[in-house]
Amino acid sequence: MNRIKKHQGKFLGIFVILILLEGVFLLVQTGLFDAVIWRFKVWQAAESGMPFQMKDMFPFSWDSLYLLHEPYSDGYELKEKYGLDFTIPSGDMDTQIRLLFFEGGQLVKVVKLDKFANDFALSVEQIFPDDTFVAEKKNGLDFVYIIDKQE
C-alpha cells in the first residue's frame, strides 16, 4: 500500500510539471509571455525615468515593428502604406494594440498589449529597434511615447 502511495506522488508530481511546461509553451507561442515581460520592463522604466530602446524591450531578432491601433483590422492600412505582405486575423478585443514584428520583410511575431495601460501616440505606426522611448506613469497607468525616432 505504501508503495502505491509513493508512486502516486511521483506520478502527480510529473503530471504537475507537464502541465506547467505546457502553460509556459502556450505563453511563449501566443506572445503573451512577451506582453508580460513588456509590462514589467515598462513599469521599471517608468519608475526609473530612464529612456529605453525598443530592442532592449523585445530581445528577439526583428528589424521593424508596426503598431496596429485599430482593434478589428487585419492590417490592411499598414499593408497599403508600407508595402507589407502579411496575413493576420482581425483583432478580437477592442482594448488591445497589436505590435507586428518583422525581420527582412517577414512577419515574425505579433504581441498584443492592453491599450489602456500602454499609450502610444496614434501617429506612431512604424518603430525600429534603435528608437528611444520613455515611460511615464499618469493616473496609475504606464504611458509610453517616443523621444528619438531613427530615420
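F86 and F102 are both buried, where buried denotes under 20% relative accessible area, exposed over 50% and partly exposed in between, computed with a 1.4 Å probe on protein chains only. The model is predicted, so local features need pLDDT of at least 70 and side-chain atom pairs count only at pLDDT 80 or more, while totals for chains, interfaces and linings use all residues. Residues are numbered from 1 along each chain as its sequence is written, and side-chain values use heavy atoms, with hydrogens and water left out.

Rings of Phe, Tyr and Trp (its six-membered ring) pair if their centres lie within 6.5 Å; planes under 30 degrees apart count as stacked, over 60 as edge-to-face and the rest as tilted. The model holds eight aromatic pairs by this rule. Helices (H or I, at least four residues) and strands (E, at least two) are DSSP runs, numbered from the N terminus. Y66 is buried, as is F102.

The ring centres of F86 and F102 lie 5.5 Å apart with planes at 70 degrees, so this pair is also edge-to-face. Because F86 lies in the loop between α4 (76-82) and β3, and F102 in strand β3, the pair ties together parts 16 residues apart in sequence.

F58, F60, W62 and F101 form one aromatic cluster.
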